[in-house]
Amino acid sequence: MLCITRACLLLLAVFNLTLPAVAMAFNPAAKDVSVRQMLGQKLMLDLRYYCEQAPLNGQCRTPMTKLPPELATLVRDYDIGGVILFAENLHSIEQIVQLNRDLQAAAGSAKLKLPLFISIDQEGGRVARLPRSLATSFAGNMAIGATYAAHGTKFAGEVGKVLADELLPLGINLNFAPTIDVNVNPQNPVINVRAFGENPQQVAELGGAMTAAMQQRGMIAALKHFPGHGDTEVDSHLGLPRVEHSIEQIRQVDLKPFADIIQQHAPGMIMTAHIQYPALDNSTFVSKDGETMLKPATLSRKILHGVLREQLGYNGVIVTDALDMAGIAKFFTHTEAVVQTFAAGADIALMPVKLQHPGELTALAELLNALEAAVNKGEINKAELAASYQRIVALKQQYPLLPAQTSLQEQMQQAQQTLGSAAHRHSELALAKAALTQVKPATAAWPFKPAEAKKLLLIMPDQSKAQALAAALQHYSNKRFVIDSISLQQTDVSRAAAQIAAADLVISGFIAPMQSLADIGGMDDLTGIANIAAAYQRQTLQYEALLPLINTLHKPHVFLSLRAPYDISRYGQYADVVLASYAYNTAEDPTAMGAGNATYEALAQALLGQYPLTGTLPVTVAGYND
C-alpha cells in the first residue's frame, strides 16, 4: 500500500512527536542491529494481567491498567516489538491513552527506538475488547454479510473506517481484523458469526473493503486465520483442529479471500491458524508428550513460506495466533513453538511467554537466550531473521504508529470526541437494522402485529438481554407494554407456565453455539471452559423444555436467533416468526439507548414494524434456504 493517506503523510511528523521520554529517530538497518534486538522486535507480549507479588494459587488475575516499571524495563531492555491489549487492560479513555503513551515511551527509550505495535482484537460483534458503552463495536461480520445483497460492501467499508478512527486516537495502531475465514461448517464453535459468510467471493469482497478502509485511515489490518478456520469443529484455543479439504477446495474456498485481498489491498499483516491442513503439509512432529502428529499451519514452512509467500506472493508481516492456545501449547514448550514458527517463516510470535508477576519476568530473557542459540545453531536462518526484521521495520515506517496529537491533552480530547460519537452510533444502528433477517414467514406479512399486544413475555438467555429488549421496546413504542421476562440462567422456572399463559405474545431468544474462548480472549485455566459448557447445557435444556409449552398454550411466538442462524433449523419450528440478528451483545448498561445496545434497538423497531427487513441469510440454514 502506498503511503498516500493523511495519516501516512503525517508519518515523519509523528516520529518527531514530543511524547515523554521518546526520541523517535531510529536506525532500521539490519547490519547495525544485533541478533538479540532483531529477535526482540519479533515478539508481541500479552500484558493482560500483572501482580506485584506471585499469587499464592499461581494464577494472577489483576488487570494491568497502568504500566509497572519492571514491564517498562523489559520493553526497553529487550527492544520488544509489540504488545496486545485485552478488555482487562481497557477501562476508560484517559486510562487507555496514558497506558499506551507509557508503553511507547518505554519503546522510545530502547536502543532501537522503534515504536511498538500496540494491537487489539476489535473485530466487532462477539469479539470486541473495548467497553461497548465507550466505543462503537457494531454487530459483527456475519451481520455485514447479511447486508451484502442489498448494500454490497458499504457496511464493511464503514465499519473498517470507524474502527480505525476510534482505535488510533487511543494509541492502538494494529487491529487483528478482519476475520476472512469462510464459515462452511455449521458446527464451527469458534468462527461462525465472526465470518462474513460461506461464499468465498463475498467474503473476499467484504474483507477487502474492510481492510482497505482501515489501512487508508492509518490502521494496520491483520487478516486471519491463514490458511482458513472456517471448516473446523474444534476450537484451536482448546485443541488442534484438522481440515481435510482437497487442494482444489482449499484454493477455491479457504485461500480465495486471502489471495484476493493480498493482490488488491496489500494487508499489513496476516495471522496464522493453529490448524492441520494435510493436503498442504502432511509432515509430522513429535509433541512434548512423545506423540507423532501433523504440523499445524503456524509451524509449517510449507504453508507459511511455500503457500503464503511463494504461491500467494505475500510480502508483508506474518504474525502467529496466540501461542498460549492449546492448539500449540498442549504439544510444544513455548520455546520450541517460537523457534519452529520462526523457522517456518513467521515474523512475529504473539503471546510467546507468560509475564504475570516478577517471578516470571526472567522467562523473557530465557526465551531470547534460547532463540539466540537457535540462530547460532542454524535452526533459525540468520539471513531470514534479518529479512524478517526488515519487514517489521518497513511496516512500522509505513504507518504512523503514534497518535497524530502531540500532547496528552490533545490526544485525550480527540479520543473523547471520536469514540462512540453520534455519527458512529448512527452507523452502528444502521448496520444492525440492515442486517436483521426475516427467515420465517417467507412473505413480508406476519400472522400478528406485536404492537397490538398488551402483555409480552421475553424468554432470553440472561436478564441483561431481557432488560435490553424490554427497554428498547418501551423506548420505540408509542404505547406502554406490560413486559414479563424469564432468564434461561434462572434455576427456578416453576412459574413459567403461568407466565406464558398470561402473555399475549412470547418473544424468545437463544444464543448458539456457546461462548467460545475467542469471545473472552482466551484463559490460562481451561477449567473455566468447563463451567461455561455446563452453564450453556443448562440454558439449552431449560429453553427446549419451554418451547413446546408455548405451542401447547397456543401463544403467538417470535424466535430471535441471536448468534449463528444455524439454530433456526432446530428452533424455528416452534415459532410463527423467526428473525436472525447475528449479534447478541449488550453494553454495560443494557437499558441505554444509543450507547452499545444497537442489536436490541434494531430488534425492537423491527418487532414494532417500523422499518422493512432487507437482510438475507449469508449461510445455509437447513430447511429454510437450502
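A pocket here is an open set of points on a 1 Å grid over the protein atoms alone, with protein on both sides within 12 Å along at least five of seven lines, and its lining residues have an atom within 4 Å of a point. Grid points are joined across faces, edges and corners, and a volume is the space filled by probe spheres set on the points. The model is predicted: local features need pLDDT of at least 70, side-chain atom pairs count only at pLDDT 80 or more, and totals for chains, interfaces and linings use all residues. Residues are numbered from 1 along each chain as its sequence is written, and side-chain values use heavy atoms, without hydrogens and water.

**Largest pocket**

- The volume of the largest pocket is about 840 Å³.
- Its lining has 36 residues, and Asp462, Lys465, Gln515, Ile520 and Tyr584 are the closest to the centre.
- Two or more lining residues come from each of α21 (517-520) and α22 (527-552), helices being DSSP runs of H or I with at least four residues, strands runs of E with at least two, both numbered from the N terminus.
- The largest share, six residues, is from α22.
- By class the lining has 16 nonpolar, nine polar and 11 charged residues, where Ala, Val, Leu, Ile, Met, Phe, Trp, Tyr, Cys and Pro are nonpolar, Asp, Glu, Lys and Arg charged, and the others, Gly among them, polar.

**Second largest pocket**

- The second largest pocket has a volume of about 660 Å³.
- Ala322, Leu323, Asp324, Met325 and Met351 lie nearest its centre, out of 41 lining residues.
- At least two lining residues each come from β7 (220-226), α13 (326-329) and α21.
- This lining divides into 21 nonpolar, nine polar and 11 charged residues.

**Nonpolar cores**

- A nonpolar core is a set of buried Ala, Val, Leu, Ile, Met, Phe, Trp, Tyr and Cys residues joined through side-chain atoms within 4.5 Å; buried means under 20% relative accessible area (1.4 Å probe, protein chains only).
- The largest core has 147 residues, of which Leu43, Leu170, Phe226, Leu364, Leu371, Ile459 and Tyr582 touch the most other members.
- Another core, of 34 residues, lies apart from it and includes Ala432, Met460, Ile511 and Ala606.

**Disulfide**

- One disulfide is counted, defined as a pair of cysteine sulfur atoms within 2.5 Å.
- Cysteine 51 and cysteine 60 form it, with sulfur atoms 2.2 Å apart.
- The link is right-handed, with 100° about the S-S bond.
- Cysteine 51 is buried at a relative accessible area of 11%, and cysteine 60 is buried at 0%.

Key:
On a 1 Å grid over the protein atoms alone, a cavity is a set of points where a 1.4 Å probe fits but cannot get out, and a pocket is an open set with protein on both sides within 12 Å along at least five of seven lines; lining residues have an atom within 4 Å of a point. Buried means under 20% relative accessible area, exposed over 50%, partly exposed in between (1.4 Å probe, protein chains only).
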